[in-house]
Amino acid sequence: MSNRSPITTHVLNTSLGKPGKGIKANLEMLRGDRWEELGRGVTNEDGRIADLLSPEHKLAAGIYRLTFNILHYFESQSIEGFYPYVQIAFEVRDGEQHYHVPLLLNPFGYSTYRGS
């Protein structure tokens with residue numbers, strides 16, 4: 001059994017080439033037509049959140065969403081950004097797999113991908 005959450009994330013500030021530390025994020029799952037919160041966390045010094053869910057949590061197939069509050073992150077650095085938050089929706093098809101969902105961020109843009 002793994003000792004990490006089945007869903008993890010990492011934020012990299014691409015304009016600085018440094019981890020995005022201190023960013024609040026929450027994880028939700030779509031159930032019917034409502035989002036149910038499953039976990040929340042704050043990125044560490046390396047820009048990572050490894051404990052959104054307990055390592056024992058069994059993922060169900062479905063649609064999940066990570067929401068990052070980046071407004072306060074950029075404000076804390078006296079940087080004016082364009083996006084107050086970023087939401088990344090993704091589909092879990094196999095609950096036995098690990099899902100790493102990184103966020104590449106700068107004040108006026110972002111991108112994401114499925115990591116490993």
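Ile-49 counts as buried, at 1% relative accessibility. This residue of the predicted model is found in strand S5, which covers residues 48-49.

**Ile-49 and its surroundings**

- Apart from neighbours within four places in sequence, Ile-49 is in contact with Thr-8, Thr-9, Ile-23, Ala-25, Gly-41, Val-42 and Thr-43.
- A distance of 9.0 Å separates the C-alpha atoms of Ile-49 and Ser-5, which are 44 residues apart along the chain.

- Ser-5 is placed in the segment before strand S1 (7-13).
- With a relative accessibility of 1%, Ser-5 counts as buried because the limit for that class is under 20%.
- The side chain of Ser-5 reaches the backbone nitrogen of Leu-53 at a distance of 3.1 Å.
- Leu-53 is also among the residues that Ser-5 touches when those up to four places away in sequence are not counted; the others are Ala-50, Asp-51, Leu-52, Ser-54, Pro-55 and His-98.

**Val-101 in strand S8**

- Val-101 lies in strand S8, which spans residues 99-106.
- The relative accessible area of Val-101 is 7%, so this residue is buried.
- Not counting residues up to four places away in sequence, Val-101 touches Thr-8, Thr-9, His-10, Leu-66, Ile-88, Phe-90, Thr-112 and Tyr-113.
- Between Val-101 and Pro-55, which are 46 residues apart along the chain, the C-alpha separation is 16 Å.

**The four-stranded sheet**

- Four strands form an open sheet in the order S4-S3-S6-S7, and their pairing is antiparallel.
- The edges of this sheet are strand S4 (34-42) and strand S7 (85-92), each of which pairs on one side only.
- On average, neighbouring strands of the sheet are turned by 20° against each other, with direction ignored.
- Strand S3 (residues 24-31) runs antiparallel to S4, and eight bridges join the two.
- Two of the facing pairs involve like residues: Arg-31 has Arg-34 in S4 as its bridge partner, and Glu-28 has Glu-37 in S4.
- S3 and S4 form a hairpin with two residues between the strands, in which Gly-32 takes a positive phi near 70°.
- S3 also pairs with strand S6 (residues 62-69), in the antiparallel sense and over six bridges.
- Within that pairing, the bridge partner of Leu-27 is Leu-66 in S6, and Leu-66 is also one of the residues that Val-101 touches.

**The hairpin of S8 and S9**

- S8, the strand that holds Val-101, forms a hairpin with S9, with two residues between them.
- Four bridges join S8 to strand S9 (residues 109-112), and the two strands run antiparallel.

**Ser-78, an exposed loop residue**

- Ser-78 lies in the loop between helix H1 (71-75) and S7.
- The relative accessible area of Ser-78 is 71%, which means that this residue is exposed.
- Although Ser-78 is not a glycine, its phi is positive, at about 55°.

**The chain as a whole**

- From the N terminus on, the elements follow one another as β-β-β-β-β-β-α-β-β-β.
- The protein is as compact as a globular protein of its length, because its radius of gyration of 14 Å is close to the 13 Å that the globule rule gives for 116 residues.
- Taken along the principal axes, the box filled by the C-alpha atoms is roughly 40 × 30 × 20 Å.
- Among contacts with a separation of 6 or more, 62% are between residues 24 or more positions apart.
- The accessible surface comes to about 6,800 Å², and 49% of it belongs to carbon and sulfur atoms.

Terms used. Residues are numbered from 1 along each chain as its sequence is written. This is a predicted model: local features need pLDDT of at least 70, side-chain atom pairs count only at pLDDT 80 or more; totals for chains, interfaces and linings use all residues. Side-chain values use heavy atoms; hydrogens and water are left out. Buried means under 20% relative accessible area, exposed over 50%, partly exposed in between (1.4 Å probe, protein chains only). Contact means heavy atoms within 4.5 Å. Two strands pair if DSSP finds at least two bridges between them. Axes are lines fitted to C-alpha atoms, for helices over the stretch in contact, and angles run from 0 to 180 degrees between N-to-C directions. The radius of gyration is taken over C-alpha atoms; the globule rule is 2.2 Å times the number of residues to the power 0.38. Accessible areas come from the Shrake-Rupley method with a 1.4 Å probe; for residues, only the protein chains shown count as cover. A polar contact is a pair of N or O atoms within 3.5 Å; within protein, one must be able to donate a hydrogen and the other to accept it, and residues adjacent in sequence count only if both atoms are side-chain atoms.
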